[in-house]
Amino acid sequence: MLPPSMQTPLFGKRVLVGVGGSIAAYRACDVVRRLRELGAIVRVAPTRAAAAFVTPMTFEALSGMTCLGGVLDVAHGRIPHVEEAHASDLVLVCAATADLMAKMAHGLADEALLATLLAFPGPVVVAPAMESHMWSHAATQANVATLRSRGVHLVGPVEGVLASGRSGAGRMAPVDDLVEAAAWAVCDKDLAGTQLVITAGPTVEDLDPVRFLSNRSSGRMGLALAVQAARRGAQVSLVHGPLRIAVPAVPGLTPIAVRSAAEMHEETTKRAARSDAAILCAAVADARPRTLAKTKLKKSKGELTRVELVPTRDILADLGAARKKKKAKRPVLVGFAAETGEVLAYARGKLAHKGCDLICANDVGEAGSGFDVDTNRMLLVWPTEERWLPHASKDEVAWHILDEVKALVARTTRRR
Ligand SMILES: Cc1cc2nc3c(=O)[nH]c(=O)nc-3n(C[C@H](O)[C@H](O)[C@H](O)COP(=O)(O)O)c2cc1C
């Protein structure tokens, strides 16, 4: 069993939430609440202007901690911004005003938040919020470039309705995106420099304008792999079929939405060529209707009982064959097998037949494993060994699988 910190990266992490004088300051309240729900220890550092928008009392009630006060509020001989800089794992500035970013870029320290930022060596995430002309102004953009060049991670702003009632770029990013960025920022980046293509979810094979063939895959396992990999610093292309769950905005994670097996084949193959590993977790349809009817098939004419199916192209087998032809070690190929019994035998067969490095197999007939549930019991099968992973959440299973992918990628690096 992994420690909880690996399942929810923010668990036990100390986050300083800096808030600037923006209408969006009220949304920082929600950020504080969400971070605490995920197990973070949160303290808020409002600027003097922020306190005119949301009272420190509100932030203190939501965080359960006193706010970081003025920069000269020294109590009991302790210097708050220095203590805070040492204690924090992450500083998340939301909402970041044009003024705050200018001061950060130029190293000013006339607020406790700014002084803490100067004394803080860890990750900083900034969510700007302002009118669109303030955002696009050359001064703001120059400050943004300076902050980025120092490793500050910016989230948003996004297009939308602004406080003035006008629309444009400058609205603070959604709270979900800020929380995801915070989770990403506190994770160890042991997969930095690794390029992955991951497939997830079902594919949909259209029959006529209203009907299709598909399967019960929710996409949760592939999504867990993609999210965990991006949090660990990998650049991830997630090629996914229609999902019932939203793809979170994790830095480094690029979703590519497809529908059919043919589209998934094309998008995956294209990206696999420049990836260190391809992890094929999607439940790709094995067959599709030979023809796509332009008008609705008629039951009364018997058209539905005469549907002819043809096989789809096998993405894993094609990638395996291409790699063999080039006598290359990359990309590392990881396949998934959803079976209903004789899991090991089928997994071994698939591993050999498709020419891949690792098969992650599970018995989807087993309770708490496979489609539409949050947990999985996986059997990992390599050419010369196999190992059951403990029955665990899909996040935790993803973590173990990525450890194995990392080892396989490292092995191919050494051999090159
Ligand atoms: C109603 C109102 C809303 C404001 N909203 C923003 C905003 O969203 N973004 C921004 O950069 N400045 C905004 N300002 C201006 C800032 O409050 C002002 O620049 C202030 O000095 C920022 O201080 P701080 O950066 O120390 O928090 C707003 C001002 C008012 C009066």
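Modeller: The centres of domain 1 and domain 2, taken over C-alpha atoms, are separated by 38 Å in this predicted model. The domain assignment puts domain 1 at residues 4-186 and domain 2 at residues 195-415.

Biologist: What makes up the contact between domain 1 and domain 2?

Modeller: Ten residues from domain 1 and ten residues from domain 2 take part in the contact. On the side of domain 1 that touches domain 2, the elements giving two or more residues are helix 1 (4-7) and helix 9 (175-186), and helix 9 provides the largest share, six residues. By kind, the residues of this side of domain 1 divide into five nonpolar, two polar and three charged.

Biologist: Why is Met65 called partly exposed, rather than buried or exposed?

Modeller: A residue needs 20 or more other C-beta atoms within 10 Å to be buried, and 12 or fewer to be exposed. Met65 has 14 C-beta neighbours inside 10 Å, and therefore counts as partly exposed.

Biologist: Where is Met65 placed in the chain, and which residues is Met65 in contact with, leaving aside its neighbours within four places in sequence?

Modeller: Met65 is found in the loop between helix 3 (56-63) and helix 4 (80-87). With those neighbours left aside, the contacts of Met65 are Val42, Arg43 and Glu60. For Val42, the separation from Met65 is 23 residues in sequence, while the C-alpha to C-alpha distance is 7.4 Å.

Biologist: Which residues of helix 5 are buried, and what do they pack against?

Modeller: In helix 5 (residues 98-105), the buried residues are Ala98, Leu100, Met101, Lys103 and Met104. These buried residues pack against strand 3 (90-96), helix 6 (112-119), strand 4 (124-128), helix 7 (132-136) and helix 8 (138-149). Helix 5 is followed by Gly107, which has a positive phi, near 70°.

Biologist: Why do residues three or four places apart point the same way in an α-helix?

Modeller: An α-helix has 3.6 residues a turn, so residues with that spacing point the same way.

Biologist: How much of the chain is buried, and what share of its contacts between residues at least 6 apart in sequence join residues at least 24 apart?

Modeller: Of the 416 residues in the chain, 44% are buried. Among contacts between residues at least 6 apart in sequence, 69% join residues at least 24 apart. The secondary structure of the chain comprises 14 helices and 21 strands, and its C-alpha atoms fill a box of roughly 75 × 50 × 40 Å along the principal axes.

Definitions and conventions
Residues are numbered from 1 along each chain as its sequence is written. This is a predicted model: local features need pLDDT of at least 70, side-chain atom pairs count only at pLDDT 80 or more; totals for chains, interfaces and linings use all residues. Helices (H or I, at least four residues) and strands (E, at least two) are DSSP runs, numbered from the N terminus. Two residues are in contact if their C-beta atoms, placed from the backbone, lie within 7 Å. Domain bounds come from an automatic or database domain assignment. Ala, Val, Leu, Ile, Met, Phe, Trp, Tyr, Cys and Pro count as nonpolar, Asp, Glu, Lys and Arg as charged, and the others, Gly among them, as polar.
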